[in-house]
Amino acid sequence: MSAPGMDKSMRDPLAQARGLGSAKDGVHHWWMQRLTAIALALLSPWFVWMLVSLIGATQSDVHATIANPRYALPLLAFVIALFWHAKLGLQVVIEDYVHTRWLEVVLQVAMTFACALGALTSVFAILRIVLAP
Amino acid sequence: MATPERPLSPFTTIYRWQITMTLSILHRITGVILAIGAFGVAWWLLAVSASAQRYAQFVDLAGSMPGKIVLAGFSYCLMYHLLNGLRHLLWDSGRGFEIPQFYKTGWTVVVLSFVLTAGIWMLALSHGATA
């Protein structure tokens, strides 16, 4: 992805890039994607099992189950890992397939905000259940 | 963007079909679908935290025929993405890079994803979900 005006430069793109250094990000994205993947590989079978066992339960039953720290804590870990992993994955999908620079940036911002909102909403809901009188 | 006149590296249209390419793109497609499903999890939690009425509304919607079809889709996507994700973690450990291993682990993922999804729904039915 070339910056505006770069195309008109007489300098070779490699020469322009040299000396600027890396983005100092290293393997952070790759590592966090794997870390959240491992967390989700452990937590999502548990989450599916919990959902299945709650079929037919009343709201007060489900509420009481989630209010139990044995459920609330793994559930908090699950939703945080879930939205984090979703954000990292969607980011790469947008990077790979959206080649209009302004649209790519708009989508990255919107997607990141949406994932943050999803994670915050989930955490808020779990805390509301746990702290309910 | 690359200058269009420059030669491009061979793309999928050049190659004969192999299961590996389908599994690779399916990993991304199921991942995007599951990212949408994550908002369903948030919705469910919010409904539980809100009130018995809000939870009943959610259950009605999830238990309707379109709701069940969507949930069946999410459950398949989760099983596929989970199993193929384990395949990715295997590669990250430096294993499974021989060509026959790609096919073997790939087909294992395909078969197990259907078996596990069927297992989830059999369990759900035995827990009182109606077909």
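1. His27(B) counts as buried, because its relative accessibility is 14% (buried means under 20% relative accessible area, exposed over 50%, partly exposed in between, with a 1.4 Å probe and protein chains only). The model is predicted: local features need pLDDT of at least 70, side-chain atom pairs count only at pLDDT 80 or more, and totals for chains, interfaces and linings use all residues. Side-chain values use heavy atoms, without hydrogens or water.

2. His27(B) sits in helix H1 of chain B. Helices are DSSP runs of H or I with at least four residues, numbered from the N terminus. Leaving aside residues up to four places away in sequence, His27(B) touches Tyr80(B), His81(B), Asn84(B), Gly85(B) and His88(B) (contact means heavy atoms within 4.5 Å). The side chains of His27(B) and Asn84(B) form a polar contact of 3.1 Å. Such a contact pairs N or O atoms within 3.5 Å; within protein, one must be able to donate a hydrogen and the other to accept it, and residues adjacent in sequence count only if both atoms are side-chain atoms.

3. Helix H3 (residues 59–67) of chain A meets helix H1 (residues 19–50) of chain B: their axes come within 9 Å and cross at roughly 110°. H3(A) is therefore roughly perpendicular to H1(B) (65 to 115 degrees). H3(A) contributes Gln59(A), Val62(A), His63(A) and Ile66(A); H1(B) contributes Trp44(B), Leu45(B) and Val48(B).

4. Helix H4 (residues 69–97) of chain A has 29 residues, so at 1.5 Å a residue it should span 42 Å; its end C-alpha atoms are 41 Å apart, which agrees. The expected span is 1.5 Å times one less than the number of residues. At the start of H4(A), a side-chain oxygen of Asn68(A) comes within 2.9 Å of the backbone nitrogen of Arg70(A).

Methods: Residues numbered from 1 in each chain as written. Chains lettered and ligands numbered in written order. Axes fitted to C-alpha atoms, helices over the stretch in contact; angles between N-to-C directions. Helix = DSSP H or I, 4+ residues; strand = E, 2+ residues; numbered from the N terminus. Parallel < 35°, antiparallel > 145°, perpendicular 65-115°, else oblique.
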